[in-house]
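Me: I've got a two-chain model open and want a quick walk through it. Can we start with the aromatics?

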Amino acid sequence: MPMTIAEKILARASGRRSVSPGEIVEARVDVAMINDITGPITVEALEKIGVKKVWDPSRVVIVLDHQAPPTSIEASREHIGLRRFAARNGIQNFFDVGEGVCHEVLPENGFALPGELIVGADSHTCTYGAFGCFATGIGSTDMAAVFATGKLWFRVPESMLIKVEGMLRSRVSPKDLILKIVGDVGADGATYRAIEFTGSGLSRISVGGRMTMCNMGVEMGAKAAIVPADEVTFRYLKGRAKWAYQPVYSDSDASYVDEMKCDLSKLEPQLALPHNVDKVRPVREVAGVKIDQAFLGSCTNGRLEDLVEAAKVLEGKKIAPGVRMLVAPASREVYLEALRKKVLQKLVEAGAIVGSPSCAACMGGHIGIIGPGEVCISSSNRNFRGRMGSPEAKVYLGSPATVAASALRGEITDPRDV
Amino acid sequence: MAKAWVFGDNISTDDIIAGRYLVQRNPKELAKHVMEAVDPGFAAKVRAGDVIVAGKNFGCGSSREHAPMALKGAGIAAVVAESFARIFFRNAINQGLPVLISKEARRGFKTGDGIRVDLERGEVLNTSTGRKFDAEPLPDFLMEILRAGGLLNYLKRMKGKRGLPRKKTAV
């Protein structure tokens, strides 16, 4: 029976020859990740059911990233609990405060590999699909079941195909592509589905760009978003892959519930307007809205290439008076590279404030909480009411270049216009 | 009398419980801020046994299990929605919070109406108007988890029998 990449991975992981959409399978997971927000509930759940040890410590990854460094005594207490849990279970893959955002840390350390099944207690776990694996977000209690048994039940999702052709123009980025797609598909348009990206345009999109695209799959309700592995993937994984892997690909006659096409050469910078990720318009239609804060970072767009794009816009210039520009590199590796390449110097000279590698302002748990009536433009993935601070604040989502251009002018600005 | 609280489409987990409260894990503490972003007075008004009736994509966004925990902590007996976001749906069942899909219910309720939910039959009744709405019954294995009061209780009960719930029907 012909299968899609998502079906093949779930079939392999559940020890079956084939699976089809709608079927419920019990699958063995390759990697399971928790962070400092979701992890403590998992640990507590394990204690409640009397499970003393995780099924395989080498497959468990813990990252302290959401409130890192801790922002309160309570957050500190959760960190202490997770450190103890890791020590008790012999979990070596423990990334403490300052190592970065989980969705950057796992790929950098070679955990996101083609053909794997990965679960994370974080909705943006779908980011790892950029490496040709099936990765999905789950809750903390489901994660307790995974930690106890190494297995979890999955409903095999229908797959939808998104064909990407052409080439991005200058100052238009994969973020603009995925915002356009979310706007077209809608916030629940891909619910329960696996998105599969294909097309000749992908070969020119970097691993980082693919991560941005897969990251926002969940903003359409998708269970997974996958870019099948290719030379770009293999080049990134060389010297990083944690263990051997076996890439899988969709059969040419596999079936999809939906198909859509995107022409990169026609795309222009996009923006998601408050308070929904699928309320998407071209930046030029919204240009001129005054901003108070600009945030560059997160698992969507906190990578070196994102900081470089912003630095290109800001180099030798000063951001507008009255605007706070916050930058949080997605990981220590990104931070160090940005230091070596003088990218951070350019950003700081332009007036930006650089924070530690973490989720930072994205979910309002950390630096840069916005106040009533304030407007923030952010390179992150969610603009829900109250997420970054006051429910009376507004958040616009755009690309790193759009964030930088807007910080420069003090109002929403198309990066091609500066 | 159990009351219905009606909400629109795309109620996110940030709406249900904002990120800044996630240092808490106690359902009663979380409940103090439940639905704060959409209805600041909600926590004070809601009573044990009340039901949320909502539109499409309820619980979208973050995987935070604090969301169903906060709703349960506030005494919400069930959420009836046109559709649910995937992770929230599973989290709710795992927390023992009944979630029902009903395509029509939202249009048949206004906040304050009396409500009765029959999980077994997949039925939602507006006791103020007398109108009845169909809901999709939950598959048996999810009902078993709900009856146990959530996945943890279910697993405790199953200990020594079988590891995980049996899967019979697609969800």
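Me: Phe109(B) first. Buried or exposed?
Reply: Phe109(B) is buried, at 6% relative accessible area. Keep in mind that this is a predicted model.

Me: What about Phe133(B), buried or exposed?
Reply: Phe133(B) counts as buried, with 4% relative accessibility. The cut-off for buried is under 20%.

Me: How many aromatic pairs are there over all chains?
Reply: The whole structure gives 12. Phe109(B) and Phe133(B) make a tilted pair, because their ring centres are 5.7 Å apart and their planes stand at 45°.

Me: Which residues form an aromatic cluster?
Reply: Phe58(B), Phe84(B), Phe88(B) and Phe89(B) form one.

Me: Now charges over rings. What sits over Trp153(A)?
Reply: The charged end of Arg90(B), 3.7 Å from the ring centre. Within chain A, the charged end of Arg240(A) sits over the ring of Tyr236(A), 4.4 Å from its centre.

Me: Which three residues of chain A supply more of its buried area than any other three?
Reply: Ile49(A), Thr141(A) and Trp153(A). They supply 17% of what chain A buries against chain B.

Me: How many salt bridges cross the interface?
Reply: Four are found between chain A and chain B. Glu44(A) and Arg25(B) also meet in a salt bridge through their side chains, at 2.6 Å, N to O.

Me: Switching to the sheet in chain A. What's the strand order?
Reply: It runs 4-3-2-5-6, an open sheet of five strands with parallel pairing. Strand 4 (94–95) and strand 6 (134–137) are the edges, each pairing on one side only.

Me: And what joins strand 2 to strand 5?
Reply: Three bridges link strand 2 (residues 31–35) to strand 5 (residues 117–120), and the two run parallel. Val31(A) has Ile118(A) in strand 5 as its bridge partner.

Note on methods. Residues are numbered from 1 along each chain as its sequence is written. Chains are lettered from A and ligands numbered from 1 in the order in which they are written. This is a predicted model: local features need pLDDT of at least 70, side-chain atom pairs count only at pLDDT 80 or more; totals for chains, interfaces and linings use all residues. Side-chain values use heavy atoms; hydrogens and water are left out. Rings of Phe, Tyr and Trp (its six-membered ring) pair if their centres lie within 6.5 Å; planes under 30 degrees apart count as stacked, over 60 as edge-to-face and the rest as tilted. Buried means under 20% relative accessible area, exposed over 50%, partly exposed in between (1.4 Å probe, protein chains only). A charge sits over a ring if NZ of Lys or CZ of Arg is within 6 Å of the ring centre and within 35 degrees of the ring normal. Two strands pair if DSSP finds at least two bridges between them. Helices (H or I, at least four residues) and strands (E, at least two) are DSSP runs, numbered from the N terminus. Buried area is the accessible area (1.4 Å probe) that two parts lose on being put together, summed over both.
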